[in-house]
Amino acid sequence: MPYKDKNGKFCGFLNAEEKEGSGKFLRRYFLLDEKKSRLYYYKDNPGNLHADYSKTCGEIEIHFISRVSDARKLRPKVDNCFSITYAGRTIYLEAEDGDDLEGWIKALNDASKITVPVKHEDLGNGKKDSRAGFTAEIAGGVVCKIPMKVSDEEPGSSDESPNESSGLSASAMQSYISGYCVKQGGMRKNWKRRYFVFSESGFQYYSSDRAKEPLRTLPKADIIDVRRSSSGHSSRDNLFEVVTAKRTFYIQCDDPADTDKWVNMMKQNLPTTQISLTQSLRRPPTNSQEMAVTRVFPSKEWV
C-alpha cells in the first residue's frame, strides 16, 4: 500500500505508461502533495537522489482529475492496473498488489474531491464573523454595513430556478442517471469536477456526492436539447451539451460510453414536445415546402 513519508504525504512506487497506448510501463516514484494539489512522479525516491537529479519527471494537477478507477478489466494483461482520467486523457498505472491498488485509488479519489468552504456566519457565542462580506451604503450621512447574502450558486447562476434541498445526499436521491463529470463554468470558463443528478426534478449538480443542496438546478421544461458536443474544445474529449434558452452547458464524461449513456438517458426522459420541436428546427425544408413558397411569390412580375 502507499505509505506516508515524514511530511504526511502519500508516496510509493508504481509502474506508469508514460506514452499513452504504448503498452510500455516504466517504474516511477509517486508523491501525492495535497497542499499543493499535485501528484508528482520521479525516476526514484528523491530522498535517495542527489539534489541535481531529484527533479520531477512530471506532475498531475489534482483538480483536473475527473476519475480514478480499477482498470483491470480494460487492461487484463497488466496486473493490478488502475487508471486516472485527467484533462481529457487516461493514464494507466500498475500497482504492486491488490492492496496497493485499492490504497492508491482511495487516496487519489479522496484528494480530488471538491469541498465547499464553510460559511462564516454565527460563531456560536452570539458574535458574527467579521470576515463575512458586506456592502456599504450611505443613509442620512451615515455609512451602513449591510451583510451580503451568501449563496452556494456559481457566478451567473441566478438566471436559473432557485435551489431546493431534498434533505438527502446527492448519491441517495432517486434518479434516472447520476455520477461525477467535469463541467465548464459560465463566466470564468474554468473546468470543475461536479456530481450530476438527472431526475424528475430536473438536471442538477452538486459539489460532491455527499452534498445535500444542489449548486444549480435546471428544470426539465427549461432544457431545449441534449447532444454530443461538436464545438471547438480540442483538448476535451467525451463532451456533451445541455442546451437551454439562456446558456449551453458543456459537460465532460470519463469515456465515450458514459457520454452516450447520459445523452440517451436524458433524451428519453425529457418531454417529447421539446425533442420534436428541436428536431423540427434543425430539419431542412422539404421540396413541398419550397414549392409552396414559390407559388405564393411570383418570380418575375406582379399583377
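**Reading burial, cores and a pocket**

Visitor: Does Ser-37 count as buried or exposed?

Guide: Ser-37 counts as buried, because its relative accessibility is 16% and the cut-off for buried is under 20%. Keep in mind that this is a predicted model. Ser-37 sits in the loop between strand 3 and strand 4, and its phi is near 55°, a positive value in a residue other than glycine.

Visitor: Where is Asn-238 found?

Guide: Asn-238 lies in the loop between strand 15 (223-228) and strand 16 (239-244). Its phi is also positive, near 55°, and at 16% relative accessibility Asn-238 counts as buried.

Visitor: Now the cores. Which residues touch the most other members of the largest nonpolar core?

Guide: The general idea is that in soluble globular proteins, nonpolar side chains tend to be buried together. Here, the largest nonpolar core has 22 residues, and Phe-30, Leu-39, Phe-82, Ile-84, Leu-93 and Leu-108 touch the most other members. Helix 1 gives the largest share of this core, six residues. Apart from this core lies another, of 19 residues, including Phe-249 and Leu-270.

Visitor: And the pockets: how much space lies in the second largest pocket?

Guide: Rolling a probe the size of a water molecule over the atoms shows where empty space is left. The second largest pocket holds about 420 Å³. It is lined by 23 residues, with Arg-67, Ser-69, Asp-254, Asp-255 and Asp-258 the closest to its centre.

Visitor: Which classes make up the lining of the second largest pocket?

Guide: Eight of the lining residues are nonpolar, eight polar and seven charged.

How values were computed
Residues numbered from 1 in each chain as written. Predicted model: local features only at pLDDT ≥ 70, side-chain atom pairs only at ≥ 80, totals over all residues. Heavy atoms only, no water. 1 Å grid on protein atoms, 1.4 Å probe; cavity = no way out; pocket = protein on both sides within 12 Å on 5 of 7 lines; lining within 4 Å. Points joined across faces, edges and corners; volume = space filled by probe spheres on them. Nonpolar A, V, L, I, M, F, W, Y, C, P; charged D, E, K, R; others polar. Core = buried A, V, L, I, M, F, W, Y, C linked by side-chain atoms within 4.5 Å. Buried < 20%, exposed > 50% of the residue type's maximum accessible area, 1.4 Å probe, protein only. Helix = DSSP H or I, 4+ residues; strand = E, 2+ residues; numbered from the N terminus.
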